[in-house]
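Please look over the sequence and the three-dimensional view below before reading on. The notes after it go from the overall layout to single residues.

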Amino acid sequence: MVFCRVGQGTMGRCIVIDEITKGSVADDWFHIIRPKNKEYSIALCSYFLTKNFKDKMKRRCIGTGTPNISKQKLLDIKIPWDKITKIYDKNKDKNIIELSKIMEEELT
């Protein structure tokens, strides 16, 4: 996964990388995230798009004009794995945006 670590409005956006782009180079504006269980990469990316996660991230970011979050501060955020994987398992047919909206509703 590629996670945008900097920028007002862009920080927190992510994408799941597939085999086609494997081996590509990422700019330093991004964190590369390699979940242990790759099956749930889409679930994690969907969670990153929720207000729940964005609020946690904003509390840990630094900078005013160009906010950013370090990899360590990102890793310190508690992820409700059991909940997001359960939501994902029930909604595997949904795309990342649809899944994030479902997570938003179910995690509040």
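What follows is a briefing on this structure, arranged by topic.

The model is a predicted one, and the protein in it has five helices and three strands. Followed along the sequence, these elements come in the pattern β-β-β-α-α-α-α-α. Of the 108 residues of the protein, 38% count as buried, and among contacts with a separation of 6 or more, residues 24 or more positions apart account for 66%.

**The sheet**

- The three strands form an open sheet in the order β2-β1-β3, and the pairing in this sheet is antiparallel.
- Because β2 (14-15) and β3 stand at the edges of the sheet and each has a single partner strand, one side of each is left without a neighbour in the sheet.
- Strand β1, which covers residues 2-4, runs antiparallel to β3 and is joined to β3 by three bridges; F3, for instance, has H31 of β3 as its bridge partner.

**Helix α5**

- Helix α5 has twelve residues, and the distance from its first C-alpha to its last is 16 Å, which is close to the 16 Å expected at 1.5 Å a residue.
- Which residues of α5 are buried? They are L99, S100, I102, M103 and L107, and, seen down the helix axis, they fall within an arc of 160°, so they line one face of α5.
- The face of α5 turned away from the buried side carries K101 and E105, which are exposed, whereas the cover over the buried residues of α5 includes α1, α2 and α4.
- The N-terminal end of α5 is capped by N95, which has a side-chain oxygen 3.0 Å from the backbone nitrogen of I97.

**Helix α4**

- The buried residues in α4 include I84, T85, I87 and Y88; when the helix is viewed down its axis, the buried residues of α4 fall within an arc of 160°, so they line one face of the helix.
- On the other side of α4, the residues D82, K83, K86 and K90 are exposed.
- The buried residues of α4 are covered by parts of the protein that include α1 and α5.

**Salt bridges**

- How many salt bridges does the structure hold? It holds three, and E39, D89 and K92 are linked in a network of salt bridges.
- In one of them, the side chains of E39 and K92 meet with a distance of 3.5 Å from N to O. E39 lies in the loop between β3 (30-32) and α1 (41-48), while K92 lies in the loop between α4 (81-90) and α5 (96-107), so this pair ties together parts that are 53 residues apart in sequence.
- The side chain of K92 also meets that of D89 in a salt bridge, with a distance of 4.0 Å from N to O.
- D55 is partly exposed, since its relative accessible area of 30% lies between the 20% under which a residue is buried and the 50% over which a residue is exposed.

**Residue T50**

- Where is T50 placed? T50 sits in the loop between α1 and α2, and this residue is buried, with a relative accessible area of 0%.
- The side chain of T50 reaches the backbone nitrogen of F53 at 3.2 Å.
- When residues up to four places away in sequence are not counted, T50 touches S100, M103 and E104. Two of these, S100 and M103, are listed among the buried residues of α5.

Definitions and conventions. Residues are numbered from 1 along each chain as its sequence is written. This is a predicted model: local features need pLDDT of at least 70, side-chain atom pairs count only at pLDDT 80 or more; totals for chains, interfaces and linings use all residues. Side-chain values use heavy atoms; hydrogens and water are left out. Helices (H or I, at least four residues) and strands (E, at least two) are DSSP runs, numbered from the N terminus. Buried means under 20% relative accessible area, exposed over 50%, partly exposed in between (1.4 Å probe, protein chains only). A polar contact is a pair of N or O atoms within 3.5 Å; within protein, one must be able to donate a hydrogen and the other to accept it, and residues adjacent in sequence count only if both atoms are side-chain atoms. Contact means heavy atoms within 4.5 Å. The expected span of a helix is 1.5 Å times one less than its number of residues. The arc is that of the directions from the helix axis to the C-beta atoms. Two strands pair if DSSP finds at least two bridges between them.
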